[in-house]
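Here are my comments on the model you sent. Please read them with the structure open.

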Amino acid sequence: MKNNMAETPSVFIVTAHGRQPLEAVGNERLFELLDRHHVPWSAVSIYTVPRDGGAPQLRASLDKRLSEFNDVSDILLYFNRNVNPFIFNVANFVTLKQAGEHASTEYLYQRLDNERSASDIFLKKMTEEECKDVIAQRVGDVIRDNLPPGSDLVVGVSGGGDSNALLHALSRLDDMKLRIHPVIIKGIPDWDKGVPRAEELCRRYGLSLTIVEDAEVQQILGIENHSTSLITRFEREFAGDDFEFLGTLLVRLALIRHAEALGTPYICTGLNLEDVLCEALFRTTNGQGPAGIPVRSIGEYRLLFPLWLCPKRIIDGCFPKQSLDNYDARYPCFSLGRNLYYSIVYELQSRFPAFTEQLAHGYAEQSRKNPVVYQYDEQLGFHVERFVPFPLRQKFERMLRDVGTPA
Amino acid sequence: MNNAKLASAIQSNFDLKTQTVNLTGFKSGQVEHLSLAQLEGMRSARKPVSASKFGLETICGASCDTGAQ
């Protein structure tokens, strides 16, 4: 097969399963051509066949455009394993018929068939109600496996899509007869903006929302002088880092305080599939096994992640308006690690939709076999997993005392 | 940085989402001078990237090392 441009060579990917011609577009580089066809650059060796005859030559040319191969008749991209690189081509999806109603989201489902050595991809468009049904089923699985009926459950909410979907799902578990205690904390603009949404949602489900005001949030951390906002303190001491890291601690401490008052050990937050995988991948690169999924014991409390098998795309399809409001209230993430691990999860999920759930199940099983034990840190006043280095502890303490960095 | 400047920087970050930017950063034509030893050092001996810039997960991460809530 020849391309339309007379001087440009034909491009084939050569596999043990046969030679697949690849169409080029314009004068793109080989890198873009591979990327467009979902062929990993790291899996191919590039050989070129001279126009005037001769043996194929190995050529390092990912950055070369097709117009630079004037002396070449064919570019042969040898796949360096005997696997079929096109089995999992996620672009070959079949769109499933949808029953008429407006779809709020869509998701690619993948069937991995060991018998046929095949992968089938299905694009499923989903209505809000379908999304809610999916989330309710997944949440129900976690709750029924981990809580006795009639339990008190303290739920961290933000007014955004994840916590709204979580509350909705919990409200559907009539058989469990749970007493749900939603808690929202304030102190930074995107949290504060979520309060009216959370209030509205709790009214809808007949739940009583506990709002932890800014001053109490600071007091939970041991801050006595409330003159400076938490986010300003954080920015001063940890410039360029992300408030989310402090946020997850604050939510946990607020939920624990409320759970203690109620006399229940059960608390939960809205970590979804991508969140648990992001954490687990980070921990793996850090030489640590996964922390408890979908439940972890921190001191005498059991922190549950009922949304652990729920992709954010489906969660956001439950309450599209609230999800959009949540997006509009966000700060950008600057820490390289958080950017890196989320990016990897999304790449995996987008190219291999069924694999991320398998990975999550694997991590969950590992976490059950080797549970993480958290220790109470007397100085900090809460549980941590491992020793906190002195310089970091000092910075944290300075933030709490708002004394600024010494010259 | 004083509180007022900090507050302004924080607000500026919050408003980024409404501004048109170029995040794709195409680097065609740029030349770097890195030796193979340096490159191999990056690849094979690199320390893991901490979740938070300052490693805050060590203090805060029992509920999620990567900051999800």
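In which order do the 5 strands of the open sheet in chain A run?

1. The order is β2-β1-β5-β3-β4 in chain A, and the pairing is mixed. Keep in mind that this is a predicted model.

2. The sheet has two edge strands in chain A, β2 (18-21) and β4 (57-58). Each of them pairs on one side only.

3. Look next at how β4(A) is held in the sheet order. Strand β3 of chain A, residues 44-50, pairs with β4(A) in the antiparallel sense. The pairing runs over 2 bridges. In one of the bridges, A:T48 has A:Q57 of β4(A) as its partner.

4. Now chain A as a whole. It contains 14 helices and 16 strands. Its C-alpha trace spans about 80 × 65 × 40 Å along the principal axes. Of its 407 residues, 40% count as buried. Take the contacts in chain A between residues at least 6 apart in sequence: 73% of them join residues at least 24 apart.

5. On to the interface. Chain A puts 51 residues in contact with 32 residues of chain B. The elements of chain A that give two or more residues to this side are α7 (230-237), α8 (244-262), α9 (273-285), α12 (336-351), β16 (382-384) and α14 (390-401). The largest share comes from α8(A), with 8 residues.

6. A last point on composition. The side of chain A that touches chain B has 23 nonpolar residues, 14 polar and 14 charged.

Technical notes. Residues numbered from 1 in each chain as written. Chains lettered and ligands numbered in written order. Predicted model: local features only at pLDDT ≥ 70, side-chain atom pairs only at ≥ 80, totals over all residues. Pairing = 2+ DSSP bridges. Helix = DSSP H or I, 4+ residues; strand = E, 2+ residues; numbered from the N terminus. Contact = placed C-beta atoms within 7 Å. Nonpolar A, V, L, I, M, F, W, Y, C, P; charged D, E, K, R; others polar. Buried ≥ 20, exposed ≤ 12 C-beta atoms within 10 Å, placed from the backbone.
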